[in-house]
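Hi,

Here is the model I promised to pass on.

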Amino acid sequence: MAIPRGYLYHSLAFDLRSLAMLPFSALDDPAVLASFESNLAAFLGSRYAVALPMARSAVYLALKARALPKGSRIIMPPITISEMMDVVLVLGLEPVFVDLELETFCFDTNALKKAITSDTSAMLLTFLYGLVPDMPTLLGIAREAGLFVVEDFSHNLGARCRGRALGTFGDVGVYSSSTIKTLDTFGGGLLFSDDDGLVDGIRRLAAELPRQGRRRRLALRILESTAKNIATMEPVFSGATFPLLRWSRAGHPVLYRLLSGAGMPGKAPANTLPDSWRQAYSAFQASAGLALLPGLRADDARRRRNTELLLDALSDTDLCLPRELPHRRNVYWQLLVLCDQAAALQDALARHGVDSATSNLDLLSESPLYPRYRRATPRARYIKDHGVFLPVHPRLSTRQVAFVASALRRSCRELCASGLCPGSLRACPARRRLQGNPPSSTRAAAVDEPLSDAGSTGCC
């Protein structure tokens, strides 16, 4: 048995039905679209929802509708898709990267305060991997500076802070409804806001989006989803997909990136927005969203259950594990653990039948594509280089979660026996030290604390 780390939130049967219905379905049905948007707004607790081509398109339209001054500064996350940089640069804004904290993978509040100047007009607040930051503090800093706040909660649909949904704290919330997201409508970007005037402006801009070529693009997306569904099903994953992933990762990095969904790096910055970003959202996608929306909370509950089971089973290991802080509800879209030997841990897990991966998001703050805006963000670099995704998706049974935990514990023991301990102390001194002074070496716990407690029951 091999366990896939990824999961599509609609079934193969759903994909096949969608493919069969696409040629006969209306793409423009205002009633269906309005129903989807009103149900989305009610689900999140927002006054308005607007369905748009992509999340990046939603960010573009929100910033454009706000009419921020050219040359003004926007606070940016160092880890996100490069297309968000393209949006900012096309609008003539100046990106400023702020380092992250390791507890929540969101902005470090001290670094955020230092980065804001009189020229700063906006902040793109991106939540990673389903963890919830201290929203009152972050929003307090932004509001005091008068910033326009866009929340990208594509990893955090259903996450809450003090009872309020992420995506409703800022001026605008943006969600990507693309493949492997918890609400996947064969692409799309969903924008949320309580601002009447801003939403009216965004709707006017959205009404001008072209509609040509949508059916063909949707067919390609459904076919891609169908292929991924088949590839992650048993026995296909164990017999074909997983061996191919292991073989390509061992010596064919380009093929591995394509197969694993990481994509290809090195794309030149865009000077204009591609046509694919500007195709209007369809009623067909809205119908898919209406069918999937009722199952979201059950999927979240199963994923949280699987995460809690796995974290409990690993609580005495030496890995740095995420935790849910008071008054917050994580959704763990993907479970990322921090360890000092990420590549070695991936190899060991693969030998035990568990698929894992590091993040495929770009570290934009150190990207050679944007030399003018390069800035040291050492904690973001550590997350990028030393985070490993573990399977916790809703399809897993409790028996499979136990299999993953056992494989991970065995992998840790094997690495420690070979002198490659993958983690640091159970209390994560690596995390505490990195918050203040990231190490220059790949070993996070080599400065002033031992790698294990006296009497520790950890894996090492």
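First, the ground rules. This is a predicted model, so local features need pLDDT of at least 70 and side-chain atom pairs count only at pLDDT 80 or more, while totals for chains, interfaces and linings use all residues. Residues are numbered from 1 along each chain as its sequence is written, and side-chain values use heavy atoms, with hydrogens and water left out.

**The chain as a whole**

There are 16 helices and 14 strands in the chain. Of the 460 residues, 56% count as buried. Here buried is under 20% relative accessible area, exposed is over 50%, and partly exposed is in between (1.4 Å probe, protein chains only).

The chain exposes about 18,500 Å², and carbon and sulfur atoms supply 54% of that. The areas come from the Shrake-Rupley method with a 1.4 Å probe; for residues, only the protein chains shown count as cover. As for contacts (heavy atoms within 4.5 Å), take those between residues at least 6 apart in sequence: 76% of them join residues at least 24 apart.

**Helix α7**

This helix covers residues 196-207, so to speak a 12-residue element, and it reaches 16 Å from its first C-alpha to its last, close to the 16 Å expected at 1.5 Å a residue. The expected span is 1.5 Å times one less than the number of residues.

Which residues of α7 are buried? They are L198, V199, G201, I202 and A206. Seen down the axis of α7, the buried residues fall within an arc of 160 degrees, so they line one face of the helix. (The arc is that of the directions from the helix axis to the C-beta atoms.) The buried residues pack against β1 (48-52), α3 (55-66), β6 (148-152), β9 (172-176) and β10 (189-193). On the face turned away from the buried side, α7 carries the exposed residues R204 and A207.

Have a look at the start of α7 as well: a side-chain oxygen of D195 reaches to within 3.1 Å of the backbone nitrogen of G197.

**Salt bridges**

The structure holds 22 salt bridges. The cut-off is a side-chain nitrogen of Lys or Arg within 4 Å of a carboxyl oxygen of Asp or Glu.

- R379 and D108 meet at 3.9 Å, N to O. R379 lies in helix α14 (residues 378-386) and D108 in the loop between β4 (94-97) and α5 (109-115), so the pair ties together parts that are 271 residues apart in sequence. R379 counts as buried at 8% relative accessibility, and D108 counts as buried at 13%.
- R304 and E324 meet at 2.7 Å, N to O. This pair links distant parts of the chain, with R304 in helix α12 (residues 296-313) and E324 in the loop between α12 and β11 (328-329), 20 residues apart. R304 is buried at 13% relative accessibility, whereas E324 is partly exposed at 33%.
- R381 and E366 meet at 2.9 Å, N to O. R381 sits in helix α14 and E366 in the loop between β13 (362-363) and α14, 15 residues apart. R381 is partly exposed at 30% relative accessibility, and E366 is partly exposed at 23%.

There is also a network: salt bridges that share partners join D28, R211 and R214.

Where is the cis peptide bond? It runs from E234 to P235, with omega near 5 degrees. P235 lies in the loop between α8 (214-231) and α9 (236-251).

Two residues have a positive phi without being glycine. F105 has a phi of about 60 degrees; F105 is found in the loop between β4 and α5 and is buried, with a relative accessible area of 2%. I180 has a phi near 75 degrees; I180 lies in the loop between β9 and β10 and is partly exposed, with a relative accessible area of 28%.

Cheers

Definitions and conventions. Helix = DSSP H or I, 4+ residues; strand = E, 2+ residues; numbered from the N terminus. Polar contact = N/O pair within 3.5 Å; in protein donor to acceptor, adjacent residues only side chain to side chain.
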